[in-house]
Amino acid sequence: MIVQMANERHVQGIVDVCTRAYRITSQDFLTKEYIDRRCEEFFNEKRVHKEVTEHSPYWGGYFVALEGACVIGTGGGGMTGQETGELFVLYIEPDRRNEGIGSKILQAITEQQKGLGAKEQWVSVQKDNALGIPFYEARGFIFQKETQSYESNLEDNAISLRYKREI
């Protein structure tokens with residue numbers, strides 16, 4: 001397995017991994033309508049293609065974990081302040097969890113952000129996400145606050161937990 005920056009050949013793999021993992025991870029605490037809306041907005045080919053080909057300090061691009069040519073994990077983040085990085089997305093093929101894939105992708109994103117001057121790193125995790133919360137806490141992220149999830153409505157009952165760590 002290798003971790004590298006994604007390119008146009010990886011777009012469909014990123015869409016597939018993110019969609020599958022998000023649906024499985026969220027099915028027990030978010031509505032199907034909310035999950036469908038988020039997948040359609042964030043994990044569509046047009047958007048992912050743009051995010052694979054256009055990078056800036058605010059969006060560092062997707063990293064992919066590859067086994068051969070197959071995408072088995074993906075993640076990306078960007079700078080939200082002069083010394084603040086944010087992990088925006090990190091998903092692993094559901095049947096490949098607990099193999100160190102997520103840790104390697106997180107490490108690549110962290111190194112990228114440190115190279116841009118980040119001293120701290122933030123992540124949002126859905127409340128009740130029994131897979132994500134322990135992963136981030138084990139890597140030094142500390143709970144900071146609870147907030148309504150990005151672009152959610154009150155009726156979605158989508159609550160994010162904000163975590164931070166020093167890097």
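Thr84 sits opposite Glu120 of strand β5, with strands here being DSSP runs of E of at least two residues, and helices H or I runs of at least four, numbered from the N terminus. Before going further: this is a predicted model, where local features need pLDDT of at least 70, side-chain atom pairs count only at pLDDT 80 or more, and totals for chains, interfaces and linings use all residues. Residues are numbered from 1 along each chain as its sequence is written, and side-chain values use heavy atoms, leaving out hydrogens and water.

Back to the strands. β4 and β5 run parallel and are joined by 4 bridges; two strands pair if DSSP finds at least two bridges between them. Together with helix α4 (residues 101-115), β4 and β5 form a right-handed β-α-β unit, meaning that with the strands pointing away from the viewer, the path from the first strand over the helix to the second runs clockwise. β5 also pairs with strand β7 (residues 159-166), this time antiparallel, over 7 bridges. There, Gln126 has Ser160 as its bridge partner.

How enclosed is β5 (residues 120-126)? Largely, because 6 of its 7 residues are buried, which is to say under 20% relative accessible area with a 1.4 Å probe, counting protein chains only (exposed is over 50%, partly exposed in between).

Now look at Val89, in strand β4 (residues 84-92). Val89 counts as buried because its relative accessibility is 8%. Leaving aside residues up to four places away in sequence, Val89 touches Cys18, Phe43, Trp59, Tyr62, Thr74, Gly75 and Gly76, a contact being heavy atoms within 4.5 Å. Tyr62 is 27 residues from Val89 along the chain, with 8.7 Å between their C-alpha atoms.
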